[in-house]
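Subject: Model handover and notes

Hello,

Here is the model you will be working with, and my notes follow it. Please read them with the structure open.

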Amino acid sequence: LATFYFSTNGDAWEDKQKWLTDSNECIDWWVEELETDDTKLECDASNAITLLLMGENNIAGTLPDEIAFLSNSLAELKLNDNKIGGTLPSTLGLMSRLRDL
């Protein structure tokens, strides 16, 4: 997730909630009170990220190839109303569980 943060101008995001910390994103840092309709993270029982919603968050830049590191778990990736540019990484093709982009 750090590569995603850096390649999409994470310092300028409106909602950065503990990104780039030692905390486990599935256990420690995504609390329900901070969720909105546009920002949410869900994990499965093995603490693998299954859903990442980061809409309307001032995300800009390109998606990194390393997004494929989530290929065994990520089913939904929603980045609506941001400033994502460039071409989609070819590694998205490795994401067999991804059903909603």
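The notes below cover confidence, the sheet, the core and a few single residues.

Ground rules and confidence

This is a predicted model, in which local features need pLDDT of at least 70 and side-chain atom pairs count only at pLDDT 80 or more, while totals for chains, interfaces and linings use all residues. Residues are numbered from 1 along each chain as its sequence is written, and side-chain values use heavy atoms, with hydrogens and water left out.

The chain has a mean pLDDT of 86, and 90% of its residues reach 70 or more; pLDDT is the predictor's confidence in each residue, from 0 to 100. Strand β1 (residues 39-43) has the lowest confidence in the chain, with a mean of 84, and strand β3 (residues 60-61) has the highest, at 95. Where pLDDT is low, the predicted coordinates should not be read in detail. Helices (H or I, at least four residues) and strands (E, at least two) are DSSP runs, numbered from the N terminus.

The sheet

An open sheet is formed by 3 strands in the order β1-β2-β4, with mixed pairing. Two strands pair if DSSP finds at least two bridges between them. β1 and β4 (76-78) are at the edges with a single partner strand each, so one side of each has no neighbour in the sheet. From one strand to the next, the twist averages 5 degrees (axes are lines fitted to C-alpha atoms, for helices over the stretch in contact, and angles run from 0 to 180 degrees between N-to-C directions).

The pairing of β1 with β2 is antiparallel, over 5 bridges. K40 has L53 in β2 as its bridge partner, and L41 stands opposite L52 in β2. The hairpin of these two strands has 5 residues between them, and N47 takes a positive phi there, near 65 degrees.

L51 has E76 in β4 as its bridge partner. β2 is largely enclosed by the rest of the structure, because 5 of its 6 residues are buried. Buried means under 20% relative accessible area, exposed means over 50%, and partly exposed is in between (1.4 Å probe, protein chains only).

E76 itself is in strand β4 and counts as buried, at 17% relative accessibility. Its side chain makes a polar contact with the side chain of R99, at 3.4 Å. A polar contact is a pair of N or O atoms within 3.5 Å; within protein, one must be able to donate a hydrogen and the other to accept it, and residues adjacent in sequence count only if both atoms are side-chain atoms. Not counting residues up to four places away in sequence, E76 touches T50, L51, L52, L98, R99 and D100, where contact means heavy atoms within 4.5 Å.

The core

Which residues touch the most other members of the largest nonpolar core? They are F4 and L74, in a core of 19 residues. α1 (2-7) and β2 (49-54) each supply at least two residues of this core, and β2 gives the most, with 3. A nonpolar core is a set of buried Ala, Val, Leu, Ile, Met, Phe, Trp, Tyr and Cys residues joined through side-chain atoms within 4.5 Å.

Neighbours within four places in sequence aside, F4 is in contact with W13, W19, I59, L63, P64, I67 and L79.

W13 lies in the loop between α1 and β1 and counts as buried, at 3% relative accessibility. Beyond four places in sequence, W13 touches F4, Y5, T8, W19, M54, N57, N58 and I59. The side chain of W13 also reaches the backbone oxygen of T8 at 3.0 Å.

Loop residues

The C-alpha atoms of W13 and E56 are separated by 9.2 Å, with the two residues 43 apart along the chain. E56 is in the loop between β2 and β3 and is partly exposed, with a relative accessible area of 43%. E56 is not a glycine, yet its phi is positive, near 45 degrees.

D81, in the loop between β4 and β5 (83-84), also has a positive phi without being a glycine, at about 55 degrees. D81 counts as exposed, at 56% relative accessibility.

Regards
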